[in-house]
Amino acid sequence: MTSASGPAAAWRSANQGDLLPSGPAGRLSAPAGDGHGPETGPPTVTIGSYPDYPSAQRVVDYLADNRFPVENTAIVGTNLTLVETVLGRMTTGRAALLGAGTGAWFGLFIGLLFGIFTVGNWLAVILVGLVIGAIWGAVFGAVAHAMTGGQRDFTSASSLRAGQYAVTVDAQLADPARQLLGRVNMPSSATNAG
């Protein structure tokens, strides 16, 4: 029977069968919990569901105004949808213009840094930095857009929207929260008991 030798065997024997070596932060250990993600805290109960965020926000604000411990509440958006709103057509000229704007800001920053240490005309240094930044930004913007090969000829803005907003509280505080909300006329699409 042959025994393993070399760095791997030495490492195994030095770590007494561990599968991973220690890192810069120290010895590795198994994750805590049941292996299904981070601990979630105490159990919560949904006290109401609302069609929009302002309604759920008003509920939490009402609870806060009545001295309810709102640090034990959460607004949970469900049925998330990614909405990409198309803002307009992207042309090489527009890409160059947007790049010029970004480059001008960067050039202004660099010009200000150099302007601080300039003995002579510091305003000229700032303006030169701004102009050079705008020129290079326009070039890079146009080239970057041309390299896409027409695959994305539009600009857009993305946002996440929830279909419903639930207000949850820690389970032990659900009854006091429901009593407070019973005093105010705030319609909810689903108020859970329990």
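Helix H5 (residues 174-182) lies across strands E1 and E5 and runs at about 25° to E1. Contact is taken as heavy atoms within 4.5 Å, and axes are lines fitted to C-alpha atoms, for helices over the stretch in contact, with angles from 0 to 180 degrees between N-to-C directions. Helices (H or I, at least four residues) and strands (E, at least two) are DSSP runs numbered from the N terminus. The model is predicted, with local features requiring pLDDT of at least 70, side-chain atom pairs counted only at pLDDT 80 or more, and totals for chains, interfaces and linings using all residues. Residues are numbered from 1 along each chain as its sequence is written, and side-chain values use heavy atoms, with hydrogens and water left out.

The sheet is open and consists of three strands in the order E1-E5-E2, with antiparallel pairing. Its edge strands are E1 (44-50) and E2 (73-78), each of which pairs on one side only. On average, neighbouring strands of this sheet are turned by 30° against each other, direction ignored. Two strands are said to pair if DSSP finds at least two bridges between them. E1 and E5 are joined in the antiparallel sense over six bridges. E2 and strand E5 (residues 164-170) also pair in the antiparallel sense over six bridges; Ile75 has Val167 as its bridge partner in E5. Helix H2 (residues 53-65) lies across E1, E2 and E5, and its direction is at about 170° to E2.

Strand E1 is mostly covered, six of its seven residues being buried. Here buried means under 20% relative accessible area, exposed means over 50%, and partly exposed lies in between (1.4 Å probe, protein chains only). Ser49 lies in strand E1 and stands opposite Ala166 in E5. Ser49 counts as buried because its relative accessible area is 7%. The side chain of Ser49 makes a polar contact with the side chain of Gln164 (3.3 Å). A polar contact is a pair of N or O atoms within 3.5 Å; within protein, one must be able to donate a hydrogen and the other to accept it, and residues adjacent in sequence count only if both atoms are side-chain atoms.

A nonpolar core is a set of buried Ala, Val, Leu, Ile, Met, Phe, Trp, Tyr and Cys residues joined through side-chain atoms within 4.5 Å. The largest such core has 18 residues, of which Ile47, Leu63, Phe68 and Val167 touch the most other members. Two or more residues are given to this core by each of E1, H2, E5 and H5. H2 supplies the largest share, five residues. With neighbours within four places in sequence left aside, Leu63 is in contact with Ile47, Phe68, Val70, Thr73, Ala177, Leu180 and Leu181.

Helix H4 (residues 122-147) has 26 residues, which at 1.5 Å a residue should span 38 Å; its end C-alpha atoms are 37 Å apart, in agreement with that value. The expected span is 1.5 Å times one less than the number of residues. The buried residues of H4 are Ile126, Gly129, Gly133, Gly137, Gly141, Ala142 and His145, and what covers them includes H3. Just after H4, Gly149 takes a positive phi of about 65°. Phe109 is placed in helix H3 (residues 92-116). Phe109 is partly exposed, with a relative accessible area of 48%. Phe109 and Gly129 are 20 residues apart in sequence, and their C-alpha atoms are 7.9 Å apart in space.
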